[in-house]
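This report describes a structure in plain terms for a reader who is new to the subject. Please look at the sequence and the model before reading on.

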Amino acid sequence: MEKKLLLKVKNLQISWLLDKALIPIICGIDFSLKAGKVLAFVGESGCGKSVSSLSLLRLLAKKLKIIGGEILFYGQNGEETLDMAKINPRGKDMQKIRGGMVSMIFQEPMSSFSPLYTIGYQIMEVIQLHKNTSREEAKKITVELFKKVGIGDAKNAVNRYPYEFSGGMRQRAMIAKALSCNPLLLIADEPTTALDVTIQNQILNLMYDVKQEFGTSIIFITHDLGVVGQIADEVAIMYMGKIIEQGTTREIFKNPKHPYTIKLLEAVPRLGNLEARRRLETIRGNVPGLFDRPTGCAFRPRCDYFMPGICDTTFPDLREVSKDHKVACYLYEYGESN
Amino acid sequence: MSTLIDIKNLKVYFPVGRSNLFTKSKFFLRAVDGVSFKINKGENLGLVGESGSGKTTLGRSILRLIEPTNGQVIFKNKNEMIDIVSLKRNKLRKQWRHMQMIFQDPYSSLNQRMTVKEIIGESLIANRLASGKELDKQVEEIALLCGLKTRQLSRYPHAFSGGQRQRIAIARALIMHPEFIVCDEPVSALDVSIQAQILNLLKDLQQQLSLTYLFIAHDLSVVSYACNRVAVMYLGRLVEIANTEEIYYTPKHPYTESLMAAIPPDDPDLPMQKAKLKGEQPSPVNPPSGCTFHPRCPYADNDRCINEVPELREISKGHFVSCHYAEKISLKGALEHKTTVDFRGVENNQQIDDMRKRRNKIVTNQKKQ
């Protein structure tokens, strides 16, 4: 059975409002997500992956404005569509979605809970707000959730404060909070970056189980390509506010096309080929600043295949090179026709 | 290979709980609990473990940035043997010229109010080794070596990105021409592409300046690339130390195996790696009896592992393990856990050829027009 479409983002553009100028942060991205699928956004810091995910919940800071595009959310039965880019971020509709239908896991498990309230209280608050339940019932649900995400001694754990939890436990509680209202979509913004390898492994397993058990769609944001191989169905590589390559996880890992993706895969130190112990491939230079965005393809100053007169004109379109695999690079745009 | 640093039974305890003038605290957090190992000249020794295992404390106490409670750190310097733990403060300052540190977070380890030149040159000034033009010259030399440009030296740290800041921190450590550098998670705050640049830089510098590193990291794949010997730490103790190949292909301690298993495989066709290590590290204030790893160990028995503390013993040449059953259990190494896609292999070369051809074709076509 063809899965239903859950979210469709069309030509989303976000800019940073300065006194007189608009600095583009996200320059038109398109993607869609089907129910029960996992989409991973990968990119270096400053490429706009966090901003685009925050915009889905309309949690952007005041200076960041959505200046164009649509975020269509299809809701439970795929009928009610809602353009989240247009509605009031403080309005009732948005509040219903935020936490209720779409929820978020943040990177820092240390700072995403208030230290003044018990963890249980902070989760019950969400449940009471969205589900109209009594305190006792909310508490029951919370204990159940704690058991599901693997927090030992769940009954007493709800009465503990965040400082009594370790990093991994806090991230589990964060996932419990995000799952509390059975959301349709879960946005995970670097959920494992602050954690140890062993704990990261546990959390990835937990997220995988969540996806299997509840059928929740997940948008997974990370800078580490190695993490998403098992969990994601689709990967989108971002660079300076643009999606430059998008495809199924298998295609991206085994048959990367864009020079940036190839370099990104090569830069990761790997187990397995110890004998070689070669130098790691690096990408020259740094990500350019927002104020000196290169003309044309944003990657061209760091690219080995730079073609003068072509790459520095306009940004290449995201074109399909094979089924379920799109690349934005002039190498593939001209090559096919000759 | 000669030994540069010999660490003997090093202990760092921190008192916890209440203490006052009359009663001393009875509880101690055993951050480092009797660690002995040697660091050879010119090698890059990796130190891995989960957070809270005491690897940073160990690294810092070797330099005496944290005072060790007990033990010896013997630094061999041209037939001279210096015990760093018992050095007087003024002599320690001189000794620090030979041993330096690179910290984890380049965003907080650089003084915001000093220019890059002042940051790098500070220790030369403090030790009255250079001034004026000579100082400028030395700073420029080191900065160039670390991939910084001369015109950047008068800027302040805020103007630099994470990778460049780490280059400044490396230059600062190198200005005294040390023999030994403790690198405390030098790349874990950086992006993947920048991480590769810094790892390559550290490797080049080691060859050029014949440095010795103690490389602290929690990422095993980074360590496998950077180090020739690896020590694994758990709850303040060393559980295994061996050559990189042996640690990765034939680990002998169950903890090393589970650390290896936790790395996500990089081939999307492989199934999700099931979490092998359940639960979390126990508190070092009240560590478990016997082998401290026994509550989480899948191979532990109910007798010896609970009651008897395993010694770190040599089971084959240069391979030390602290496990009672190291010879009996067969463990999986990194190779059995995952087949790796080699992106620099044949397939990829073809792809790069293909991309080159495409590029040439497009460029020649463009010229014709």
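Does A:Glu190 count as buried or exposed, and how many C-beta neighbours does A:Glu190 have inside 10 Å? A residue is buried if 20 or more other C-beta atoms lie within 10 Å of its own, exposed if 12 or fewer, and partly exposed in between, with C-beta atoms placed from the backbone. A:Glu190 counts as buried because 21 C-beta neighbours lie inside 10 Å.

The model is predicted: local features need pLDDT of at least 70 and side-chain atom pairs count only at pLDDT 80 or more, while totals for chains, interfaces and linings use all residues. Residues are numbered from 1 along each chain as its sequence is written, and chains are lettered from A and ligands numbered from 1 in the order in which they are written.

**The two chains**

Helices (H or I, at least four residues) and strands (E, at least two) are DSSP runs, numbered from the N terminus. The table sets out each chain in turn.

| Chain | Helices and strands | Box of C-alpha atoms along the principal axes | Buried residues |
|---|---|---|---|
| Chain A | eleven helices, twelve strands | roughly 70 × 55 × 50 Å | 47% of 338 residues |
| Chain B | twelve helices, twelve strands | roughly 80 × 60 × 40 Å | 45% of 369 residues |

The radius of gyration is taken over C-alpha atoms, and the globule rule is 2.2 Å times the number of residues to the power 0.38. For the 338 residues of chain A, a compact globule would have a radius of gyration near 20 Å, and the 21 Å of chain A agrees with this.

Two residues are in contact if their C-beta atoms, placed from the backbone, lie within 7 Å. In chain A, 62% of the contacts with a separation of 6 or more join residues 24 or more positions apart. In chain B, 65% of the contacts between residues at least 6 apart in sequence join residues at least 24 apart.

**A sheet in chain A**

Two strands pair if DSSP finds at least two bridges between them. In chain A, four strands form an open sheet in the order S2-S1-S4-S5, with antiparallel pairing. Its edge strands are S2 (22-34) and S5 (82-83) of chain A, each of which pairs on one side only. Strand S4 (residues 64-73) of chain A is joined to S5(A) by two bridges in the antiparallel sense, and A:Leu72 stands opposite A:Asp83 in S5(A).

Strand S2 of chain A contains A:Ile29. This residue, A:Ile29, is buried because 23 other C-beta atoms lie within 10 Å. Apart from neighbours within four places in sequence, A:Ile29 is in contact with A:Val9, A:Leu12, A:Ser52, A:Lys242 and A:Ile243. The C-alpha atoms of A:Ile29 and A:Lys140 are separated by 41 Å, and the two residues are 111 residues apart along the chain.

**Two crossing helices in chain A**

Helix H3 (residues 119-131) and helix H4 (residues 135-148) of chain A have axes that come within 9 Å and cross at roughly 115°. Such axes are lines fitted to C-alpha atoms, for helices over the stretch in contact, and angles run from 0 to 180 degrees between N-to-C directions. Where they meet, residues of H3(A) including A:Ile123 and A:Ile127 touch residues of H4(A), among them A:Ala138 and A:Ile141. By class, this contact of H3(A) with H4(A) has five nonpolar, three polar and two charged residues. Here Ala, Val, Leu, Ile, Met, Phe, Trp, Tyr, Cys and Pro count as nonpolar, Asp, Glu, Lys and Arg as charged, and the others, Gly among them, as polar.

**Positive phi values**

Most residues other than glycine have a negative phi. A:Glu190, in the loop between strand S7 (185-189) and helix H7 (197-214) of chain A, has a positive phi near 45°. B:Asn9, in strand S1 (residues 3-16) of chain B, has a positive phi near 50°. B:Asn9 is exposed, with 12 other C-beta atoms within 10 Å.

Just after H1(B), B:Arg64 takes a positive phi of about 60°. Eight of the eight residues of helix H1 (residues 55-62) of chain B are buried, so this helix is largely enclosed by the rest of the structure.

**Where the chains meet**

In the model, 53 residues of chain B are in contact with 50 residues of chain A. On the side of chain B that touches chain A, H12(B) gives the largest share, eight residues. The residues of that side divide into 23 nonpolar, 15 polar and 15 charged.
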